[in-house]
Amino acid sequence: MSIHVALHHVTHYRYDRQVNLGPQVLRLRPAPHCRSRILSYSLKVSPKEHFINWQQDPQANYQARLVFLESTNEFRIEVDLVAEMAVINPFDFFLEPHAEYFPFEYESWQRDELAPYFKRQPLTPLFECYLRGISR
């Protein structure tokens, strides 16, 4: 038997006067490819008078685009979900033969996809100090 966990999240803004809310994009729903099975999901938004369009970004994550019709003095988002927690073996994957020993070279198509992750930022002084303290 698996374990079920319930998550309750609230974001609540109160304003000291009436405001017009611009379009809001919420990313508060698990992606369809997440490993944990989602048993139930609900989203409550206030003010009640709004349009909602569910979209997916290029990585298939859900996002809700909210457009509000009238001014308000509060904005509230409430999410409830129940997920099934199952034991997942993080090493349940196949390793390509060329990557069995480190260091290895990525194939060209992989390097293209991973390019953003290879981009280096300049070292900050604090991080540089930390790196100097690591025994090599």
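User: How many bridges join E1 to strand E6?
Analyst: This is a predicted model, where local features need pLDDT of at least 70, side-chain atom pairs count only at pLDDT 80 or more, and totals for chains, interfaces and linings use all residues. Residues are numbered from 1 along each chain as its sequence is written, and side-chain values use heavy atoms, without hydrogens and water. Strands are DSSP runs (E, at least two residues), numbered from the N terminus. E6 covers residues 72-85 and runs antiparallel to E1; the bridges joining them number 13.

User: Which residue in E6 is the bridge partner of Val-10?
Analyst: Two strands pair if DSSP finds at least two bridges between them. For Val-10, the partner in E6 is Glu-78.

User: Which strands stand at the edges of the sheet?
Analyst: The sheet is open, with three strands paired antiparallel in the order E1-E6-E3. Each edge strand has a single partner, so one side of each lacks a neighbour in the sheet. The edge strands are E1 (3-19) and E3 (37-46).

User: Is Thr-72 buried or exposed?
Analyst: Thr-72 lies in strand E6. Buried means under 20% relative accessible area, exposed over 50%, and partly exposed in between (1.4 Å probe, protein chains only). Thr-72 has 8% relative accessibility, so Thr-72 is buried.

User: Is Val-87 buried or exposed?
Analyst: Val-87 sits in the loop between E6 and helix H1 (108-118). Helices are DSSP runs too (H or I, at least four residues). With a relative accessible area of 87%, Val-87 is exposed.
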